[in-house]
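Here is a colleague's note on the structure shown below. Please read the points with the model open beside you.

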Amino acid sequence: MRLLFWLGLVILVILALKKKAQPPATRSGNPERPLNPENAGSQNAASAENMVCCAHCQIYLPASEAVQRAGQVYCSQEHADLA
């Protein structure tokens with residue numbers, strides 16, 4: 001039983017050392033470019049879009065996909081027709 005404990009402990013230490021020795025994380029789309037948390041926020045903020053809520057079903061959707069009628073916002077033409 002002690003042998004299994006020590007063997008498991010050695011394996012965990014080896015795995016931890018291997019994980020620590022790995023290179024920094026990269027983006028999945030561009031492996032040459034390392035992930036930079038300072039740039040990641042600015043890129044997401046630039047491509048973010050306002051979200052609006054459907055007056056009929058209360059689902060949130062991007063403003064560019066919304067249907068507006070009589071001052072209300074709807075997720076589809078069918079919901080706009082129901083109002």
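Which residues make up the largest nonpolar core?

1. **The core.** The largest nonpolar core has 7 residues in all: Cys54, Leu61, Ala66, Val67, Val73, Tyr74 and Ala80. A nonpolar core here is a set of buried Ala, Val, Leu, Ile, Met, Phe, Trp, Tyr and Cys residues joined through side-chain atoms within 4.5 Å. Buried means under 20% relative accessible area, exposed means over 50%, and partly exposed lies in between (1.4 Å probe, protein chains only). As background, nonpolar side chains tend to be buried together in soluble globular proteins.

2. **Basis of the model.** This is a predicted model: local features need pLDDT of at least 70, side-chain atom pairs count only at pLDDT 80 or more, and totals for chains, interfaces and linings use all residues. Residues are numbered from 1 along each chain as its sequence is written, and side-chain values use heavy atoms, with hydrogens and water left out.

3. **Overall layout.** The protein chain has 3 helices and 4 strands. Helices (H or I, at least four residues) and strands (E, at least two) are DSSP runs, numbered from the N terminus. Along the sequence the pattern reads α-α-β-β-β-β-α. Buried residues make up 12% of the 83 residues. The accessible surface comes to about 7,100 Å², and 60% of that belongs to carbon and sulfur atoms. These areas come from the Shrake-Rupley method with a 1.4 Å probe; for residues, only the protein chains shown count as cover.

4. **Contacts along the chain.** Take the contacts between residues at least 6 apart in sequence: 3% of them join residues at least 24 apart. Contact means heavy atoms within 4.5 Å.

5. **Helix H1.** H1 has 20 residues and reaches 29 Å from its first C-alpha to its last, close to the 28 Å expected at 1.5 Å a residue. The expected span is 1.5 Å times one less than the number of residues. The number of buried residues in H1 is 0, so this helix lies largely in the open.

6. **A nonpolar surface patch.** Met1, Leu4, Leu7, Ile11, Leu12 and Leu15 form a nonpolar patch on the surface, with about 710 Å² of accessible area together. Patch residues have over 30% relative accessible area and no salt bridge; like charges are joined within 9 Å, and nonpolar side chains (Val, Leu, Ile, Met, Phe, Trp, Tyr) within 5 Å. Leu12 is found in helix H1, residues 2-21. Leu12 counts as exposed, at 57% relative accessibility. In general, an α-helix has 3.6 residues a turn, so residues three or four places apart point the same way.

7. **Tyr74 and His79.** Beyond four places in sequence, Tyr74 is in contact with residues including Cys54, Leu61, Ala66, Val67, His79 and Ala80. His79 is found in helix H3, residues 77-82. It counts as buried, at 18% relative accessibility. Leaving out residues up to four places away, His79 touches Cys54, His56, Cys57 and Tyr74.

8. **The salt bridge.** The count comes to 1 salt bridge, meaning a side-chain nitrogen of Lys or Arg within 4 Å of a carboxyl oxygen of Asp or Glu. Arg69 pairs with Asp81, the closest N and O atoms being 2.9 Å apart. Arg69 lies in strand E3 and Asp81 in helix H3, so the pair ties together parts 12 residues apart in sequence. Arg69 is partly exposed at 34% relative accessibility, and Asp81 is partly exposed at 48%.
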